[in-house]
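User: Hello! I am new to protein structures and would like to walk through one with you, step by step. Could you show it to me?

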Amino acid sequence: MSDALLKLLFENASARGEVVTLGESFKQALAGRTYPKPVEKLAGETVAAALLARAALSYKGPALIQIVGDGPVQLITVEVSENLQYRLAILLDEESVIADDASMKDLINVNGQGRCALILVDDERPENQMPYQGIVPLTGDNFAQCMCNYFMSSEQVDTRIELASDGEHAGGVFVQKMPTMGGKELPENYDEEAWHRISTFTQTVKDEELTTLDAETVARRLFWEEEPKVIGEFAPVFHCNCSKDAVENVIRQLGEEEALEMLDDNGNFVATCRYCNTHHTFTTPDIQALFQKPKSELN
């Protein structure tokens, strides 16, 4: 299956939709790390949800879904850029044992203290303005219900979201009735029953379809009777912007003395990116050299 996201317009229903499918890019996001299957499935659903959310919003900058769990999964973060490049971070409680049939509640909301936020980092916001953060209640049997509840409460428009992942692939469908406030006119061919049909069709999508078929096929199978217009086609990709230069800046902020105190048994300072698992290694001479460079080279 291909990595693709389609944006759809249902003119006769005054509604919009999106379908996303992920294959190779999701494998790349998990590369070099092994997690229990339920964790990989939840991570896939979270990635699909983050991509659908970012594509549905109009602004410049990244969007993040961040889950802070109170169970075996302590953290899941998905960051999606404006052009749908994304990266994924997962942090587990190493002492926890995760059952093969663990539910979302078992993973991130054991004691009802799990939290999830949708964070929108608008690049054009004033410097003194914090990014928007909306709380996603962890209510429902799965993450799709959580996201659906969030959109319906925050935007107060009918929304339906379905998500699926098998740990290697992921996919999702998002449909939303467009607001009619502000004097917006309904289309001439408006069909009062169309939204109900679209919402019902969305609920019929099978997990196997979202994890084995491409986005175009999923959209055609679900909505062929409604003849939606494809108004955007995108190719989500895994991309991490970590770099050795960024780690060098962190080391400079620590100071030479503190950085040298953090060397491992082999005499190396190793920084591992939580998103892509890349190990950035600095030897003792590397660190010493950073603080011997002229100021002109440090800027």
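Analyst: Happy to! One term before we start: a residue counts as buried when its relative accessible area is under 20%, exposed when it is over 50%, and partly exposed in between. Please keep in mind that this is a predicted model.

User: What share of the residues in the protein is buried?

Analyst: The protein has 299 residues. With the cut-off of under 20% relative accessible area for a buried residue, the buried share comes to 47%.

User: How many helices and strands does the protein have, and what does its C-alpha trace span?

Analyst: The secondary structure includes 11 helices and 13 strands. Along the principal axes, the C-alpha trace of the protein spans about 70 × 45 × 35 Å.

User: In which sense do E6 and E7 pair, and which residue in E7 is the bridge partner of Ile-119?

Analyst: Strand E6 covers residues 115-120, and its pairing with E7 is antiparallel, over 4 bridges. For Ile-119, the bridge partner in E7 is Gln-133.

User: Why is H2 described as largely enclosed, and how far apart are its end C-alpha atoms?

Analyst: H2 is largely enclosed by the rest of the structure because 18 of its 20 residues are buried. As for its span, 1.5 Å a residue leads us to expect 28 Å for the 20 residues of H2. That agrees with the distance between its end C-alpha atoms, 29 Å.

User: Now to H4. What span should it have, and which residue caps its N-terminal end?

Analyst: H4 runs over residues 143-154, and at 1.5 Å a residue its 12 residues should span 16 Å; the end C-alpha atoms are 16 Å apart, which agrees. Among its buried residues are Phe-143, Cys-146 and Tyr-150. At the N-terminal end, a side-chain oxygen lies 3.2 Å from the backbone nitrogen of Ala-144, and the capping residue that supplies this oxygen is Asn-142.

User: Which residues is Glu-155 in contact with, beyond its neighbours within four places in sequence?

Analyst: Glu-155 sits in the loop between H4 and strand E8 (159-165). Its relative accessibility is 31%, so Glu-155 counts as partly exposed. Pro-179 is 24 residues away from Glu-155 in sequence, with 9.0 Å between their C-alpha atoms. The contacts of Glu-155 are with Arg-16, Leu-57, Tyr-150 and Gln-176.

User: Is Ser-14 buried or exposed, and what phi does it have?

Analyst: Ser-14 lies in the loop between strand E1 (4-10) and strand E2 (15-22). At 7% relative accessibility, Ser-14 counts as buried. Although Ser-14 is not a glycine, its phi is positive, at about 50°.

User: And Glu-227: is it buried or exposed?

Analyst: Glu-227 is in the loop between helix H7 (215-223) and strand E10 (229-234). Like Ser-14, Glu-227 is not a glycine and has a positive phi of about 50°. Its relative accessible area is 68%, so Glu-227 is exposed.

User: Last one! Which backbone oxygen does the side chain of Thr-211 reach?

Analyst: Thr-211 lies in helix H6, residues 207-212, and is buried, with a relative accessible area of 8%. Not counting residues up to four places away in sequence, Thr-211 touches Met-1, Ala-164, Ser-165, Asp-166 and His-169. At 2.9 Å, its side chain reaches the backbone oxygen of Asp-207.

Terms used: Residues numbered from 1 in each chain as written. Predicted model: local features only at pLDDT ≥ 70, side-chain atom pairs only at ≥ 80, totals over all residues. Heavy atoms only, no water. Pairing = 2+ DSSP bridges. Helix = DSSP H or I, 4+ residues; strand = E, 2+ residues; numbered from the N terminus. Expected span 1.5 Å × (residues − 1). Buried < 20%, exposed > 50% of the residue type's maximum accessible area, 1.4 Å probe, protein only. Polar contact = N/O pair within 3.5 Å; in protein donor to acceptor, adjacent residues only side chain to side chain. Contact = heavy atoms within 4.5 Å.
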